[in-house]
Amino acid sequence: TEYHFFDEHAREIYARIAKIDPALDFHVVSGNREENLFVIRSRSDRDLGAFYLLDTESDTVEKLAEVSPWLTERNLAEMTPISYISRDGLRIPGYLTLPVGYKKGNQLPVIINPHGGPWHRDVWGFNPEVQFLANRGYAVLQMNFRGSVGFGKEFWLVAAKQWGATMQDDISDGVQYLIDEGIADPKRVAIYGGSYGGYAVLAGMAFTPELYACGVDYV
């Protein structure tokens, strides 16, 4: 996560927060009116994080609680930012989660997991569904197809009237990307999603049934 600051006080607060652990993302959950006490939460792709109390006057940080101390980070799968080029030349960003211990060259069963909305986006961070699937040996691809928010106005507008068309092509091209990379077993690709992602499941099964062994549409 990157931040842009409009005042120096906020910049100083976040500079102090970043020192807690440079390997983690942090965000402010709440603060007092005087803006010298803040509750901070950490997060990562393999950790639901912890809550901290930051006192800017004494320059101290106190850990209040772990969110999920029963989870062991080394047993959980990394979420890696990736991108690929669509058939019409648009760069599609996304996140790929591979099972712990994956060796390059092994073809895996894959879950294609388009997000809902569609005016939404997938983000880097802890996702319990993705971790569950990776723990069972699946690779999981979450692509931010055209129309996903957070990538600029042009990327959003190019999706106008493209449900089941170029938006769906972006998802299909993600399948091909994993096949070309040698990650996906072409005979063991499933598509799974809810809301607009559920529509994308049905569109994928209807328009490109040769890509998928099965699909799960919910909501």
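Helices (H or I, at least four residues) and strands (E, at least two) are DSSP runs, numbered from the N terminus. The structure is a predicted model, in which local features need pLDDT of at least 70 and side-chain atom pairs count only at pLDDT 80 or more, while totals for chains, interfaces and linings use all residues. Residues are numbered from 1 along each chain as its sequence is written, and side-chain values use heavy atoms, with hydrogens and water left out.

The loop between strand 7 and helix 2 holds P118, and the peptide bond that leads from G117 to P118 is cis, with omega near 5°. N113 is placed in the loop between strand 7 (108-112) and helix 2 (128-135). With a relative accessible area of 11%, N113 is buried, a term that means under 20% relative accessible area, whereas exposed means over 50% and partly exposed lies in between (1.4 Å probe, protein chains only). Apart from neighbours within four places in sequence, N113 is in contact with D122, V130, V140, L141, Q142, Y192 and G193, where contact means heavy atoms within 4.5 Å.

K161 lies in the loop between helix 3 and helix 4 (166-180) and counts as exposed because its relative accessibility is 83%. V219 belongs to the segment after strand 10 (214-218) and likewise counts as exposed, at 81% relative accessibility. L157, in helix 3 (residues 153-157), counts as partly exposed, since its relative accessibility is 44%.
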